[in-house]
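Please consider the following briefing on selected local features of one protein chain.

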Amino acid sequence: MIPARLSRRALLHGGLAAAGVLAVGFEVPLGARRARAQGAGVFAPNQWIRIDRDGVVTIVNSVPEMGQGSLTTMPMIVADELDAELGSIKIEQAPADPKLYANPVTGNQSYGGSRGVRDHLAMLRKAGAAAREMLKQAAAQEWGVSVREVTTEPGVVVDKGSGRRLTYGQLVDKAAQLPVPQNPTLKTPAEFRYIGKEVSRRDTPMKVNGSGIYGMDVRVPGMLVASIERCPVFGGKVTAFDATETKKIPGVRHVAQVSHGVAVVADTFWIALQGRRALKVTYDEGPMAQVSSARIDREYAEAAKQPGQEARSEGDAKTALAAGPKRLEAVYQVPFLEHACMEPMNATAHVRADACEIWAPTQNPGGAKATGARLTGLPASKVTVHTTLLGGGFGRRGELDFIVDAVETAKAVGVPVKVMWTREDDMQHGFYRPATYNVFRAALDQSGKPTAWWSRVVGPGILIQKGRAPQGVTIDPAAMEGVRNFAYAIPNVRVEWVNKDLGVPLGFWRSVGPSQNTFIVESFVDELAHAAGADPVEYRRMLLSKSPRHRGVLDLAAQKAGWGTALPPGRARGVAVGFSYGSYAAHVAEVSVNDEGRPRVHRVVGAIDCGIAVNPDQVRAQMEGGAVYALTAVLHGEITIEGGHVKQSNFHDYPLLRISESPAIEAYILDSGEPPGGLGEPGVPTVAPAVCNAIFALTGKRIRRLPIRVDELKKA
């Protein structure tokens, strides 16, 4: 469990175990998994499981807790394979050390893409099973019997013949001398006591009673607080500043220029803000000062007339389009979006001559460590990162800009400094989901089946902008995810991408490409179904005949929503289905629209096939949270650019979904028994098209640009 009170001792703890402790670790390089032992009962270099002589099991969790429930699911996995009581398992946050605690699939210590359970399930199961086998072997040796004659009950090893019992704690020293089994026998699903069962979240009490420690809560002896004045224009630089008036304010201790602006360092955040307001700063705003949303729209539309790079091609879409007896064309647009985390960006750093400590609510502990080393010139071994709870991540906290702020400011003033962003800083200096412009064309045969599909996506690519696209790849995978890999069986398909980047900083927004591309694809499929005179669910079922998992969630959502049954007057349903991050999801939305054109979402029914559902209660929670996040974007979300800066500033002009707007949300799980898929992201993409398709079914007006505009739906 994350400690209720943050202390350096507690945060530094979690490394190697001492004598009298059984620790089990697996080195899991990409593509290979092996374990090795170290003397004195400690397996090294990694240790994911530790058993103390008092029988308490501790697991080290490398996944930052940002609301997804990893503090509950990870112990559940270990408890089953180890055969331990869940209540006896403690969890510690792993220190930032990619050499020891890298994600076993990605190879780095950065988390996004719903990679918690799905990337760690196999490793943690193996670690728990290996420890259990070692404890059994130790007991067998103690009793002088064959290991086949012993078994385990929660927390104890039992001699089946005599009934003798030894607790895990009693076996620690002997078990620690044994080699780690390389291929331990895993339990069958029928033997699980926790996996697949509903377990209450262990982090709820500390989040409800306020004892959980977020980045904002960090206090370090001697710490000052800083706020940074930044150029409002993307990419602008400070050319000069006058801090004369700022330094007259009691409590202002330092003013320093850092990479992202001018830092005012004070006794409190309030004083730092007053000092910031008193600054006189001049900037070189750079070329981005000429960028606006209107210009972006114009350039996107113009770029859409030019050929794009081929992202997918099957059959002959051009010929089939020309021959189709019935043709459709549509343009869809989605805006830039902000992550809008409830806890604004912040980080605390203390830079000394021989070491650097960073406290941060980060999705990227490994990147934070590397950043600390780069900025201080210290070896990475001298940089310690303490990962706190995250007050929302959604991809934003995978960035490192707020880490840079803290380290540079602390280095400049020589004392511990917490840099805090305001909500306005967050809104106007973020990394945004890309806006895109999308052209679709399709042809239907006489029966209404599509014979050709052609689409061109215009917009920037996150990976390409960040220089993270695979070498030689010119089509950004994140930009095309969800649009070039749709599962519908259509004989002639061509999908193109036009890279149009006007310099707005881009970031990975919850569910990334599928968040926008599923909206445009599922809306256009709905247009095809309507043109064919077909029921939207049946039309999709027909086109998904070779995609049983898509059909599975589609059928489940439709059934639970009562698809085809009567609704109260003035309401209609819409549907959408998709795939992202290893999971299949479908949603049915039930909506109405009042005379002023304001939509009301009354009910959202979701279905997900995420393979093994470790904790069904958390699966549903992720689906519910995803629906709320998606509805915020559908109804309100839009970042607009003027003069190279973001016009929105806070929740009054970038509102989140309010409780009064939230519909009844239901989530159902289709247990396919497949390997685990992601959860945090897949609950988002299909909500927007389901809502917009419902609005079309109700009003006959197709929503082709988000967010939904009241004027478009207002009755004449």
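**Buried arginine, pocket and backbone details**

Arg-202 is buried (under 20% relative accessible area, with a 1.4 Å probe and protein chains only), yet Arg-202 has no salt bridge, and the nearest side chain of opposite charge, Asp-203, is 8.3 Å away. A salt bridge here is a side-chain nitrogen of Lys or Arg within 4 Å of a carboxyl oxygen of Asp or Glu; Lys and Arg count as positive and Asp and Glu as negative, while His and the chain ends are not counted.

The model is predicted: local features need pLDDT of at least 70, side-chain atom pairs count only at pLDDT 80 or more, and totals for chains, interfaces and linings use all residues. Residues are numbered from 1 along each chain as its sequence is written, and side-chain values use heavy atoms, with hydrogens and water left out.

**Surroundings of Arg-202**
- Arg-202 sits in the loop between helix H5 (168–175) and helix H6 (204–208); helices (H or I, at least four residues) and strands (E, at least two) are DSSP runs numbered from the N terminus.
- A polar atom of the Arg-202 side chain lies 3.5 Å from the backbone oxygen of Leu-86.

**Second largest pocket**
- The second largest pocket has a volume of about 440 Å³, a volume being the space filled by probe spheres set on grid points that are joined across faces, edges and corners.
- Of the 21 residues lining this pocket, Phe-234, Gly-235, Gly-236, His-260 and His-429 are the closest to its centre.
- On a 1 Å grid over the protein atoms alone, a pocket is an open set of points where a 1.4 Å probe fits, with protein on both sides within 12 Å along at least five of seven lines, and lining residues have an atom within 4 Å of a point.
- Strand S11 (237–242) and strand S12 (252–258) each supply at least two residues of the lining.

**Backbone details**
- Most residues other than glycine have a negative phi, and most peptide bonds are trans.
- Ala-340, in the loop between strand S16 (326–334) and strand S17 (346–351), has a positive phi of about 55°.
- Ala-340 counts as buried because its relative accessibility is 10%.
- Tyr-581, in the loop between strand S24 (572–580) and strand S25 (583–593), has a positive phi near 50°.
- Tyr-581 is buried, with a relative accessible area of 12%.
- The peptide bond from Leu-706 to Pro-707 is cis, with omega near -5°.

Notes:
Buried means under 20% relative accessible area, exposed over 50%, partly exposed in between (1.4 Å probe, protein chains only). A polar contact is a pair of N or O atoms within 3.5 Å; within protein, one must be able to donate a hydrogen and the other to accept it, and residues adjacent in sequence count only if both atoms are side-chain atoms.
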